[in-house]
Amino acid sequence: MDYEKAINNLHNILTHEDKFAEINKSIFDAIDTDNSGTLEREEVESFVKSLLVGITNDEEEEYDQNERHRIVFGVLDENESGEITLDELGKFLRELFKEQIKELQDASERMKRKAASSLNEGWNRNNNNVVYDDSQGAAGYNGRINEDQ
């Protein structure tokens, strides 16, 4: 995965109001199947179910799904009107995108550290057959050539 590209794309969406408004409206319209201009509980429930297809276990209890839908709707329905407006969805998407950027940045850093660690280990093992124990820092160099390789 190209973490930097994903981060930049999300950042671009968040910093360009026209792009964000277009995406927000597209998602809202996709969920608003009755074209009422607000999202009712059933529409959100149907949308969440379609998002979770293939992710949830088929044996998952009905209670768990109902609880998940209740929580999602409660988060989206900021003013507790029983309906979700375009603005409420927009606020939720902004926070979701920001959180996703943080997650991607963390994953990118983990991948960089892992790659650097692998490179370091390879260098320590294969650097001209010189024995070097990185755990001892500079003191780990014993000046000998590893004859076993």
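Student: How many salt bridges does the structure hold?
Tutor: The structure holds 6 salt bridges. Keep in mind that this is a predicted model.

Student: What makes K112 and E4 a salt bridge?
Tutor: The closest N and O atoms of K112 and E4 are 3.9 Å apart. The cut-off is within 4 Å, so the pair counts as a salt bridge. This pair links distant parts of the chain, with K112 in helix α5 and E4 in helix α1, 108 residues apart.

Student: Why is K112 called partly exposed?
Tutor: K112 has 45% relative accessibility.

Student: What separates E109 and K112 in helix α5?
Tutor: About one helical turn, because they are 3 residues apart in helix α5. Salt bridges that share partners join E4, E109 and K112 into one network.

Student: Now the largest pocket: how many nonpolar, polar and charged residues are in its lining?
Tutor: The lining has 16 nonpolar residues, with no polar and no charged ones. Among the lining residues, F47, L51, V72, L76 and F92 lie nearest the centre of the pocket. Helix α5 gives the largest share of the lining, 5 residues.

Student: Which residues form the nonpolar patch on the surface?
Tutor: I71, V75, F92 and L96 form it, with about 330 Å² of accessible area together. The elements giving two or more residues to this patch are α4 and α5.

Technical notes. Residues numbered from 1 in each chain as written. Predicted model: local features only at pLDDT ≥ 70, side-chain atom pairs only at ≥ 80, totals over all residues. Heavy atoms only, no water. 1 Å grid on protein atoms, 1.4 Å probe; cavity = no way out; pocket = protein on both sides within 12 Å on 5 of 7 lines; lining within 4 Å. Helix = DSSP H or I, 4+ residues; strand = E, 2+ residues; numbered from the N terminus. Nonpolar A, V, L, I, M, F, W, Y, C, P; charged D, E, K, R; others polar. Patch = residues over 30% accessible without salt bridge, like charges linked within 9 Å, V, L, I, M, F, W, Y side chains within 5 Å. Areas by Shrake-Rupley, 256 points an atom, 1.4 Å probe, with all protein chains shown as cover. Salt bridge = Lys/Arg side-chain N within 4 Å of Asp/Glu carboxyl O. Buried < 20%, exposed > 50% of the residue type's maximum accessible area, 1.4 Å probe, protein only.
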